[in-house]
Amino acid sequence: MKNPKKEFQEDDWQHFTDSIATLSKANLHIFDRAGMDVPYIWSKLRKIRREYDCEKRILVVRDLP
C-alpha cells in the first residue's frame with residue numbers, strides 16, 4: 001500500500017475493496033498504543049468479554065522493535 005496508484009492494476013482495486021468489505025464485517029479489535037503493558041491488555045480483554053459474553057476470542061500480541 002505504499003503507492004497503490006502506481007502499483008495496482010484494475011483487478012487489484014476490486015480485490016482490495018472486497019477484502020476491506022470483508023474486514024469491516026469482522027468483529028475485530030485492534031489496540032495500537034505505545035507502551036502497552038500486561039495489565040492494560042487484560043483490562044481490554046475483560047471489557048471485550050463483558051461486551052460479547054460467551055463468544056470465543058483469539059488474542060494476538062505482536063511486539064515490534
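Predicted model: local features only at pLDDT ≥ 70, side-chain atom pairs only at ≥ 80, totals over all residues.
User: How much space lies in the largest pocket?

Analyst: About 850 Å³. That volume is the space filled by probe spheres set on grid points, which are joined across faces, edges and corners. Residues are numbered from 1 along each chain as its sequence is written, and side-chain values use heavy atoms, with hydrogens and water left out.

User: What makes a space a pocket, and which residues lie closest to the centre of this one?

Analyst: On a 1 Å grid over the protein atoms alone, a pocket is an open set of points with protein on both sides within 12 Å along at least five of seven lines; a residue lines it if it has an atom within 4 Å of a point. Here 23 residues line the largest pocket, and the closest to its centre are His 29, Phe 31, Leu 59, Val 60 and Val 61.

User: How many of the lining residues are nonpolar, polar and charged?

Analyst: There are 13 nonpolar, two polar and eight charged ones. Nonpolar covers Ala, Val, Leu, Ile, Met, Phe, Trp, Tyr, Cys and Pro; charged is Asp, Glu, Lys and Arg; the others, Gly among them, count as polar.

User: Why is Ile 30 called exposed?

Analyst: Its relative accessible area is 69%, and exposed means over 50% (buried is under 20%, partly exposed in between, with a 1.4 Å probe and protein chains only). So Ile 30 counts as exposed. Ile 30 sits in the loop between helix H2 (10–25) and helix H3 (38–52); helices here are DSSP runs of H or I, at least four residues, numbered from the N terminus.

User: And why does Ala 34 get its label, exposed or buried?

Analyst: Ala 34 comes out at 73%, so it is exposed. Ala 34 is also in the loop between H2 and H3.

User: What about His 29 and Leu 23: why are they called partly exposed?

Analyst: His 29, in the loop between H2 and H3, has 32%, so it is partly exposed. Leu 23, in helix H2, has 48% and is therefore partly exposed.

User: Which residues form the nonpolar patch on the surface?

Analyst: Ile 20, Leu 23, Leu 28 and Ile 30, with about 420 Å² of accessible area together. Patch members need over 30% relative accessible area and no salt bridge, and nonpolar side chains (Val, Leu, Ile, Met, Phe, Trp, Tyr) are joined within 5 Å, like charges within 9 Å. A salt bridge is a side-chain nitrogen of Lys or Arg within 4 Å of a carboxyl oxygen of Asp or Glu. Areas come from the Shrake-Rupley method with a 1.4 Å probe; for residues, only the protein chains shown count as cover.

Key. 1 Å grid on protein atoms, 1.4 Å probe; cavity = no way out; pocket = protein on both sides within 12 Å on 5 of 7 lines; lining within 4 Å. Helix = DSSP H or I, 4+ residues; strand = E, 2+ residues; numbered from the N terminus.
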